[in-house]
There are 2 protein chains.
Amino acid sequence: MNEADVIAALRALATHPAARGLRDDAAVIDVPLGRRLVATHDVLVEGVHYTPACPAGDVAWKLVATNLSDLAAMGATPLGMLLGLTLAREAVWTADFIAGLGRVAALWDCPLLGGDTVSGPAVLGLTALGAAAAPLSRMGARVGDELWLSGTVGDAGLGLRMALGEMAVEGVLLKRYRRPVPRLGLGAALAGVASAAMDVSDGLLIDAARLGEASGVGVAIELDAVPLSDAVRALLPAGEAGVLAAAASGDDYELLFTAAPAAAGAVRAAGAAGKVAVTRIGRVLAGAGLRLRGADGPVALPARLGFEHGRGCNAG
Amino acid sequence: MNEADVIAALRALATHPAARGLRDDAAVIDVPLGRRLVATHDVLVEGVHYTPACPAGDVAWKLVATNLSDLAAMGATPLGMLLGLTLAREAVWTADFIAGLGRVAALWDCPLLGGDTVSGPAVLGLTALGAAAAPLSRMGARVGDELWLSGTVGDAGLGLRMALGEMAVEGVLLKRYRRPVPRLGLGAALAGVASAAMDVSDGLLIDAARLGEASGVGVAIELDAVPLSDAVRALLPAGEAGVLAAAASGDDYELLFTAAPAAAGAVRAAGAAGKVAVTRIGRVLAGAGLRLRGADGPVALPARLGFEHGRGCNAG
């Protein structure tokens with residue numbers, strides 16, 4: 001696949017009028033009236049964020065999904081994306097990547113609108129653009145709010161260990177790591193319901209601490225309430241040790257959000273609209289910092305709450 | 001400069017409310033009422049688009065300027081930018097890069113709104129967002145229109161040879177290569193005046209051919225009319241050979257545009273508003289392809305019209 005082939009393949013995807021056939025100097029996008037533009041840009045580096053052996057379709061999926069997860073956390077609906085693609089890999093890989101990008105763009109109605117193709121090492125950049133009437137923020141949690149989580153945590157962390165060859169592969173968990181699902185429906189439905197929201201990419205504990213810090217409040221999590229999948233329960237230690245391990249692992253891309261107690265019914269309705277379970281896992285306190293509570297009272301924070309920014313360990 | 005320092009330095013730049021202090025999942029941008037969003041993403045690779053020896057401030061300048069030049073070509077006013085930054089270089093370089101980014105963002109009123117910082121090889125991505133009431137396109141040239149060019153061409157091509165050590169350095173030309181000026185004022189003033197526009201990044205001849213192809217018309221250039229700076233005239237061969245060399249070199253980031261003959265006065269006014277000379281260099285013809293005309297009649301196209309997409313030769 002030479003560069004002309006790559007551009008032809010990308011143009012075949014870029015059928016949305018805003019893309020202008022990838023033939024103009026930039027894309028022209030109409031943000032719907034009354035909506036604000038929400039924009040995020042994530043970078044994936046081969047050998048850092050995925051291994052060279054990772055299937056190209058999975059890399060495309062993750063590149064798009066991680067960006068759309070940020071849009072979901074803002075309650076935004078996708079408008080489209082711009083791709084920064086280096087031609088670093090063999091032709092089959094690149095063709096598979098572009099085909100995968102097309103599938104995931106169609107799946108989430110997020111058309112390819114523009115970008116750049118250059119020679120260079122394997123670094124992928126994606127800008128996702130979305131729109132929301134009243135974007136959510138991680139800065140709005142109020143004392144007395146309840147803390148909610150979508151789906152389950154710990155799945156992708158075990159999937160990462162499987163991708164690294166540290167554990168026997170179980171398909172459903174490996175898929176949770178390689179093909180995370182951005183909670184776009186839930187995020188959009190939480191507008192006007194949640195007081196704060198973010199996506200859980202680096203681990204529930206560290207991200208909950210960040211949400212509290214951004215909002216200037218404290219956050220308490222009930223460990224017994226943290227939802228784990230059956231597959232995770234079967235592989236992690238029983239009890240609090242297993243929950244702590246799951247809550248300190250990353251890449252689940254679930255939504256963590258807060259809402260007033262009176263909004264609990266609306267939160268459940270948003271979960272139904274977004275076709276994902278929502279679980280109340282704690283509450284917002286005065287003060288600062290993260291507190292954990294188990295069946296027998298307070299539980300000390302583990303030494304590691306999750307992945308710090310820029311983690312090099314997120315390979316797979 | 002460790003990663004925490006890098007993020008602190010970027011946050012210090014991101015004072016625009018839309019950036020949300022780089023603490024939220026995405027930026028939230030208000031596109032002014034009645035304007036359409038214009039979005040572009042360019043990637044610079046060390047060793048491909050700039051040499052490791054290139055000053056970090058110049059790399060930051062070029063990264064922003066090349067993107068803003070695309071906005072200028074659409075007649076858009078900058079709203080802000082998202083940065084994809086790999087931490088590949090030594091601390092001093094990164095600090096200089098971020099300082100340079102801040103200067104150029106302030107210069108063109110294009111605030112840093114978001115992005116991603118990761119470990120990895122030296123690949124820089126930038127998404128520029130802008131707004132325009134009626135974005136220009138390279139697809140609107142009509143038979144009978146006149147072809148116009150801002151500024152001069154050939155300067156940056158000689159600057160590139162200086163950067164590569166192939167010629168004795170002359171400061172003004174090296175600067176034209178390393179610090180191109182996006183023609184934002186001219187682009188904005190051309191809205192409603194120009195029928196088509198694009199920026200000249202790969203060479204006047206190849207880009208003029210692309211404008212004609214995108215608009216489905218032929219383009220004729222009068223070589224005698226192509227504006228060259230005194231510095232370029234002094235270094236290139238006299239006559240048509242020199243003009244052809246200048247017109248086949250890249251990186252000038254001038255605007256190439258078309259307008260109806262009756263709009264010539266408005267074009268000159270737009271040039272005055274944009275504080276850059278505008279020169280009529282040819283016209284739009286029925287048919288297809290690029291034709292050149294010299295003092296003695298038709299001139300054959302040179303074998304090389306400019307840089308093809310994805311050029312690896314654009315180092316410096």
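Contact means heavy atoms within 4.5 Å. The model treated here is predicted: local features need pLDDT of at least 70, side-chain atom pairs count only at pLDDT 80 or more, and totals for chains, interfaces and linings use all residues. Residues are numbered from 1 along each chain as its sequence is written, chains are lettered from A in the order in which they are written, and side-chain values use heavy atoms, with hydrogens and water left out.

**Exercise 1.** Determine how many residues of chain B and of chain A are in contact, and how much area the two chains bury between them.

*Solution.* 
Step 1. Contacts join 50 residues of chain B to 50 residues of chain A.
Step 2. The two chains bury about 4,200 Å² between them, where buried area is the accessible area (1.4 Å probe) that two parts lose on being put together, summed over both.
Step 3. Of this area, 58% lies on carbon and sulfur atoms.

**Exercise 2.** Characterise the polar interactions between chain B and chain A, and the side of chain B that touches chain A.

*Solution.* 
Step 1. The rule finds four salt bridges across the interface, each a side-chain nitrogen of Lys or Arg within 4 Å of a carboxyl oxygen of Asp or Glu.
Step 2. Asp25(B) forms a salt bridge with Arg138(A), with the closest N and O atoms 2.9 Å apart.
Step 3. Elements of chain B that each supply at least two residues to the side touching chain A include α1 (3–13), β2 (36–45) and α2 (56–73); helices (H or I, at least four residues) and strands (E, at least two) are DSSP runs, numbered from the N terminus.
Step 4. The largest share of that side, nine residues, comes from β2(B).
Step 5. The residues of that side comprise 26 nonpolar, 12 polar and 12 charged; Ala, Val, Leu, Ile, Met, Phe, Trp, Tyr, Cys and Pro count as nonpolar, Asp, Glu, Lys and Arg as charged, and the others, Gly among them, as polar.

Technical notes: A polar contact is a pair of N or O atoms within 3.5 Å; within protein, one must be able to donate a hydrogen and the other to accept it, and residues adjacent in sequence count only if both atoms are side-chain atoms.
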